[in-house]
Amino acid sequence: MAFLTNEKLVIVGAGGMIGSNMAQSVLTLGLTPNVCLYDIFEPGVHGVADEIAHCGFPGANVTWTTNPEEAFTGAKYIISSGGAPRKEGMTREDLLKGNCQIAAEFGDHIKKYCPDVKHVVVIFNPADVTALTALIHSGLKPNQLTSLAALDTTRLQQALALEFGVQQDKVVGARTYGGHGEQMAVFASKVTIDGKPLSEMGLSEERWAQVKHDTTQGGSRIIKLRGRSSFQSPAHCAVKMIEAAMGGEKFTLPAGCYVNDEKLGFKNVMMAMPTTIDATGVHYEAPAGTPEEMAELQASYDHLCKMREEIVALGIIPAVEEWKNDNPNL
C-alpha cells in the first residue's frame with residue numbers, strides 16, 4: 001500500500017472511542033504506516049492496538065505505549081483526544097479546569113520530546129482553550145497547531161439539509177465561526193440549497209431558530225441518543241485535518257486557529273475562522289457576514305476571552321503579556 005508519508009503520527013488518548021476510530025481511519029486512508037498509540041490507560045490502548053492488528057492493514061507499523069517519552073519522541077504529527085469526555089447534562093465549559101491541566105502537560109511533552117513536530121490537532125473540549133493552553137506550553141508556531149471546529153459546520157449543514165429535504169452536500173456555504181461551543185456564531189447568509197440562495201427558500205424566523213438550535217445542540221443530542229459523546233465525527237474530521245497537514249487533500253472546513261489580529265479586533269485566542277490547512281500549516285482569512293452574524297461572532301469572541309481569563313486565574317496559563325516567556329512564537 002502506498003502511504004502519504006512515512007513520518008511518525010502519535011494518537012494521544014488512543015484507548016478511547018475517538019482514538020480507536022482515528023487509528024482505523026489513518027490506516028484506511030493510507031496516511032502513514034508509522035502510528036504510535038498513546039494513552040495512560042493501559043488496558044484500553046493495548047486493546048485498541050490488538051484490534052488494529054486484527055484488521056490486518058498491509059504495511060502497518062503500529063506501536064502502543066503508556067510512556068510519554070516513548071510516544072512523543074520523533075513524532076512529526078500528533079492528534080490529541082486525550083481529555084475527559086462530556087457526559088449528559090454537561091457543557092463543554094464544564095470540562096474547563098481538568099482538561100486544560102491535561103492540555104498544559106500535553107504541550108510540555110511536545111516541547112520536551114518532539115519540538116520538531118510539524119502539525120498538532122487538538123480535539124478535546126473545550127477545544128478552543130485546551131488548544132490555546134497546549135500552544136502556549138508547546139512553544140510551537142501558531143500555524144502548527146489547530147483545534148477541531150468543523151463539527152459545528154457539518155451539523156449546520158445537516159440541519160439545513162433535513163429542513164429542505166436535500167442531500168447534505170447540496171447545502172453549500174454553511175459555516176460556524178468563533179467558539180466551538182453553544183456560543184458559536186452561525187453564518188448562513190452565503191448558503192445555497194441545491195444552488196438556490198437560502199434567502200429565497202422561504203425559511204421562517206421560527207424554523208431558522210430551530211435550525212440554529214439543532215446546530216448548537218448537535219453534540220448534546222448525540223449524547224442523549226447514544227449515551228456517550230460524539231466519537232465517529234470528531235475522529236474523521238481530525239484525521240482529515242492531519243491528512244491536509246501531511247500534504248494530502250486541503251482541509252477547508254473551519255478549524256480553530258490562533259488569532260491575534262489588531263485589524264479584526266480578535267486578540268490572543270484560538271477560534272474557528274475561515275481556514276485552509278495544507279502542508280505549510282493553517283491559514284485564516286477574515287470572516288464576512290451580515291451585521292447580525294458579525295455581532296454573534298463578537299459575542300463568541302468575548303466568551304472565549306472570558307474562558308481564557310478563567311484559566312489564567314487558575315494558574316494553568318500565565319497572563320497574556322507573559323506568554324512569550326513560554327512560547328517566543330506568540
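In what order do the eight strands of the open sheet stand, and with what pairing?

I worked from a predicted model. I traced the strands of the open sheet and read the order E3-E2-E1-E4-E5-E6-E12-E13, with mixed pairing. I then looked at the edges: strand E3 (61-65) and strand E13 (266-273) stand there, and each has a single partner strand, so one side of each lacks a neighbour in the sheet. On average, neighbouring strands of this sheet are turned by 25° against each other, direction ignored.

I followed E3 to strand E2 (residues 34-38), with which E3 pairs in the parallel sense over five bridges. Among the residues here, I noted Tyr38, whose bridge partner in E3 is Thr65. I also looked up helix H1 (residues 17-28), which lies across strand E1 (9-12), E2, E3 and strand E4 (77-80). The helix H1 runs at about 160° to E1.

I asked which residues of helix H8 (residues 218-226) are buried. I found Gly218, Gly219, Ser220 and Ile223. Their cover includes helix H6 (150-164) and helix H7 (205-216). After H8 comes Gly227, and I read a positive phi for Gly227, near 75°.

I located Asn327 in the segment after helix H11 (323-326). Is Asn327 buried or exposed? Its relative accessibility is 0%, so Asn327 counts as buried. Leaving aside residues up to four places away in sequence, I found that Asn327 touches Leu135, Ile136, Gly139 and Leu140. I also noted that the side chain of Asn327 reaches the backbone nitrogen of Asn329 at 2.8 Å.

Terms used:
Residues numbered from 1 in each chain as written. Predicted model: local features only at pLDDT ≥ 70, side-chain atom pairs only at ≥ 80, totals over all residues. Heavy atoms only, no water. Helix = DSSP H or I, 4+ residues; strand = E, 2+ residues; numbered from the N terminus. Buried < 20%, exposed > 50% of the residue type's maximum accessible area, 1.4 Å probe, protein only. Polar contact = N/O pair within 3.5 Å; in protein donor to acceptor, adjacent residues only side chain to side chain. Contact = heavy atoms within 4.5 Å. Pairing = 2+ DSSP bridges. Axes fitted to C-alpha atoms, helices over the stretch in contact; angles between N-to-C directions.
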